[in-house]
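This briefing concerns the nonpolar packing and the charged side-chain pairs of one protein structure. Please keep the sequence and the coordinates at hand while reading.

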Amino acid sequence: MSSGDPLTSTGQDIKPSPAPVTATATGDKLGEKNTAGSYNTSSDPESSGSLGRVPSGPPYSVFSKGTKRWIIGMITFAGFVSPMTANIYFPALNSIAADLDVSVALINLTLTTYMILQGISPAVFGDLGDMAGRRPAFIISIIIYMGANLGLALQNNYAALLVLRMLQSAGSSGTLAMTFAVVADVAVSAERGKYMGIMGTGINIGPALSPVLGGILAQYLGWRAIFWFCLIFSGTWLVPFILAVPETCRKVVGNGSIPAQGWNMTLIDYIRYRRHPPAQKKAPARKFRWPNPFNVLRVVVEKDLAMLLFYSTMVYLVFILICATLSTEFARIYHYSNLQIGLCYLPYGFGCLVAAVFQGRVLDWNYRRLAHKIGFTIDYKRGDDLSKFPIEKARIEPCLPLLVVGIAATICYGWVLQAETSLAGPLVLLFAIGLCVTGSFSILNTLVVDLYPEAPATAVAANNLVRCLFGAGGTAVIESMLGGMGRGWTYTFWALVLVVFSPILWILIQRGPGWREARRLRVLEAAKKKEETEAETLQSQD
């Protein structure tokens, strides 16, 4: 992190020096009790009659609300790419095996290698995004993805399929870490839940809608149409992104006020600036390095983040194993076609969609509620000093009731399948699982970004690496578990795993703030030593 960047963070939202407090329209002051005995915690001009604080420092983000919505909308579609690519392939497995004259077991091997690259790739692109900027990382990953899809649509042998699926995974998964990081770039913690919810829509509904889409394409146009669709979808997204989505990385453009340079500029801005060079001072030169995927290990060794990543991975395993076994179990029980089975994913997808819409608002509401309770002043303009706010509690509290319902729904799902009841029962429970289990996972992902704001893409990459490695192991043993334990006890086992490890959430609420503050002080101390070393180097050169 460059010491010359005036807007980088050290484990918290940007918090300038204290500003003078002025009277609001009702005579209240920010952070002081009003006549009703409550705290006025909002400085958002949209939620009160006037600003309750005279700004004394730079805003957290200079992007307008319309620009933020444009950015978030674009990354929502980018977030759809990775889960879509992973699941759109499922309905065509038998067709591909027949056309390439290989066994289904060999085709399943492409799923394993895909998941391995899905875990590794974000570690590379996440570090690239934190170092060089979000735009270069997005563009490179999507270009790789498009090339892989073109090759997959044209290939005719198994070796090419295996290699190109790995390349496809590397490109599509590279976008995943950046989507969360972009939200952290433009949204303060108090409103981050809302934007995370919108962005999570693409990630959460991808596993539900893509099998339906893949089944339709494979049945009516052939399995190659799946890869042509992925190529067209990503190309259609890439054009407006290159043209008009601005750079947001805070190490590159700060809060958006530092002019982007070179490949961080949008094409429209590049053409405009070539014709009419701006008068602004250029951003200081930055040193580029090769992306280091091992930077994710810095995240994993932190106490609070390690515990959070482990528990969120357990939550991930519950719903991903349900999705992975839905097609085979429904085929055995109900004898449905691939297209009919694909349609059975829709209740799960609808539950994910409802969770994405409402979870963000619930997170932001709980943030405001907790701030009101402890007398903490929310600064929507410049961001909050999270060293003085229990962000762990604010995020985990809404997660707890969802987990309770999700665990119960998972247990019921297993025993309903065991009893082989009518289809209505499993579909209702799939909706509850999509709403509650997947919703809980998304909330925990938001907390990951909150706890490591100095490199959010790297933090999400660490999360992705851990969950994909565990996911690869889980998918390898789930069929054996179903055969040996039966459907009821298999899904009950995974639900009880969440119960057994749930004290982790209590520990994070109680001990997390102290661990987070210790990390923040370490980062500040390291930055101070770096500045002193650079100053000594300059003096010796003089």
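The model is predicted: local features need pLDDT of at least 70 and side-chain atom pairs count only at pLDDT 80 or more, while totals for chains, interfaces and linings use all residues. Residues are numbered from 1 along each chain as its sequence is written, and side-chain values use heavy atoms, with hydrogens and water left out.

**Salt bridges between separate parts**

- A search of the whole structure finds 16 salt bridges.
- Glutamate 302 and arginine 519 form a salt bridge, with the closest N and O atoms 3.5 Å apart.
- Glutamate 302 lies in the loop between α10 (296-300) and α11, and arginine 519 in helix α17 (residues 503-541), so this pair ties together parts 217 residues apart in sequence; helices are DSSP runs (H or I, at least four residues), numbered from the N terminus.
- Both glutamate 302 and arginine 519 are buried.
- Another salt bridge joins the side chains of glutamate 420 and arginine 487 (3.4 Å, N to O).
- Because glutamate 420 lies in the loop between α14 (391-419) and α15 (424-451) and arginine 487 in helix α16, the pair ties together parts that are 67 residues apart in sequence.
- Glutamate 420 is partly exposed at 46% relative accessibility, whereas arginine 487 is buried at 14%.

**Glutamate 479**

- Glutamate 479 lies in helix α16 (residues 456-500) and, at 34% relative accessibility, counts as partly exposed.
- Beyond its neighbours within four places in sequence, glutamate 479 is in contact (heavy atoms within 4.5 Å) with Thr325, Thr328 and Arg332.
- Glutamate 479 and threonine 328 are 151 residues apart in sequence and 9.6 Å apart in space, C-alpha to C-alpha.

**Nonpolar cores**

- A nonpolar core is a set of buried Ala, Val, Leu, Ile, Met, Phe, Trp, Tyr and Cys residues joined through side-chain atoms within 4.5 Å.
- The largest such core has 143 residues, of which Phe330, Tyr367, Phe389 and Tyr413 touch the most other members.
- Helix α11 (residues 303-334) supplies the largest share of this core, 18 residues.
- Apart from this core lies another, of 5 residues, among them Val252, Val253, Ala260 and Met265.

Key
Buried means under 20% relative accessible area, exposed over 50%, partly exposed in between (1.4 Å probe, protein chains only). Helices (H or I, at least four residues) and strands (E, at least two) are DSSP runs, numbered from the N terminus. A salt bridge is a side-chain nitrogen of Lys or Arg within 4 Å of a carboxyl oxygen of Asp or Glu.
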